Amino acid sequence: MKYKLLLLLLLASSLAFPQKLTEELESRLLGSKRKITIVTPSGYNEKDKKKYPLLVLLDGQYLTDPFAGTLSYTSYWDDLPQVIIVGIEQQEGEKRDEDCDTYESTGLPQGTGDLFYRFIGEELVPYMEKEYNIAPLKIIAGHGLTAGFINFFLYKEKPLFNAYVSFSPQLPNFMETRLPKTLSEIKKPVYYYMATADDDVKPIREKIITLNDSIKAVDNKALNYKFDDFKDASHYSLVTYGIPSALYHIFSQYKPITLAEFEQKLVTMPEGHVEYLENKYDAIKENLGVDIPVRLNDFRAIEAAIIKNGNFDELKDLSSIAKKSYPKTIIGEYYEGLYYEKKGKLNKAKKVYLNAYAYNDIGDYTKDFILQKAESLNID
């Protein structure tokens, strides 16, 4: 019995952390098996309907762990969403150079480079979509040689990836002029992140600085661009600085309502607070492919803004969203009761508060809390 209990505890603890699996994917294009590492987030269950953005990592042999660690930490605090990672191993022999082979005359993939490019788009990503719950948002990242290579996916009329993380890219021929032109013509939103450092490899850094100037000049609302030039960092250490910067850029819409956002936007709005909340979560779903209920702290932020501006009618709309996000819980009833309380309908408010006692607790919205609200009205 003790051994069974221990086994169950070990199984439960393993499910509380990201799961890492290394396997060999058979490739018809490459004519061989390719080693990949897949990291699924804590609590991942393929039977659930919840979908996750996909992060494809070139140079997976050394980029997978730092990306996985950052995402594990930030998703724990719900600062960033959970993501499924697939890292492609490229350390065997001269595999990395072969994967990124390009024509000098055209600057486009050739031979093994073309096959590797097709492997990612025609075999790896479809495999991940078939075997895992993948959301529409797909990210690709690389470093040095592979960071330059990922830009080829932007050359397609309908790019496979929505977001690109380019650490100190080694640029193929003509990319300095071709990439800015491509980014100026994209129609659907694309997130593009690029980084260098003051102690980066000099020839690489010079081209990156030129490329950054060209991309900054692009006038296209579909392009969401961020560039970092890290101080006291090298070609290698810049990656550790760049990973969180890149991820927070790509998932900027996902973050909970911040104190600055509350003070500078919400409080200054005389009305439209619930609409602001709805638009925020609609954007998370539409642009990031992540469908999540409204966070409890975001409800509190909207509540505080409504109360401060005295626009109490919006509490009824907030109640509707709460009931939809968390059915059968106290939070929806609380906002309905608060609406009646602020409108001076105290008997109605007390009735709603007391009825809410039959609902489930969620966060700080507990049975004790709702009873205190009813008793505070001081009416029979």
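Which elements each supply at least two residues of the lining of the largest pocket? I opened the notebook with this point and then turned to the helix pairs.

**Basis.** I worked from a predicted model, in which local features need pLDDT of at least 70, side-chain atom pairs count only at pLDDT 80 or more, and totals for chains, interfaces and linings use all residues. Residues are numbered from 1 along each chain as its sequence is written, and side-chain values use heavy atoms, with hydrogens and water left out.

**Largest pocket.** I found that strand 5 (134-143), helix 6, strand 7 (190-199) and helix 10 (273-288) each supply at least two lining residues. Helices (H or I, at least four residues) and strands (E, at least two) are DSSP runs numbered from the N terminus. Helix 10 gives the largest share, three residues. I noted a volume of about 380 Å³ for the second largest pocket, and about 670 Å³ for the largest. Of the 23 residues lining the largest pocket, Pro159, Asn162, Lys188, Pro189 and Val190 are the closest to its centre. A pocket here is an open set of points on a 1 Å grid over the protein atoms alone, where a 1.4 Å probe fits, with protein on both sides within 12 Å along at least five of seven lines; lining residues have an atom within 4 Å of a point. A volume is the space filled by probe spheres set on the points, which are joined across faces, edges and corners. By class, I recorded 12 nonpolar, four polar and seven charged residues in this lining (Ala, Val, Leu, Ile, Met, Phe, Trp, Tyr, Cys and Pro count as nonpolar, Asp, Glu, Lys and Arg as charged, the others, Gly among them, as polar).

**Second largest pocket.** I noted helix 10 again, with the largest share of this lining, five residues. The lining divides into seven nonpolar, one polar and five charged residues.

**Helix 6 and helix 7.** I looked up the packing of helix 6 (residues 175-185) on helix 7 (residues 202-216): the angle is about 25 degrees and the axes are 9 Å apart. Helix 6 is therefore roughly parallel to helix 7 (angles under 35 degrees count as roughly parallel, over 145 as roughly antiparallel). Axes are lines fitted to C-alpha atoms, for helices over the stretch in contact, and angles run from 0 to 180 degrees between N-to-C directions. Met175, Glu176, Leu179, Pro180 and Leu183 of helix 6 meet Lys207, Thr210, Leu211, Ser214 and Ile215 of helix 7 (contact means heavy atoms within 4.5 Å).

**Helix 11 and helix 12.** I found the axes of helix 11 (residues 296-309) and helix 12 within 10 Å, crossing at roughly 170 degrees. Helix 11 is therefore roughly antiparallel to helix 12.

Methods. Parallel < 35°, antiparallel > 145°, perpendicular 65-115°, else oblique.
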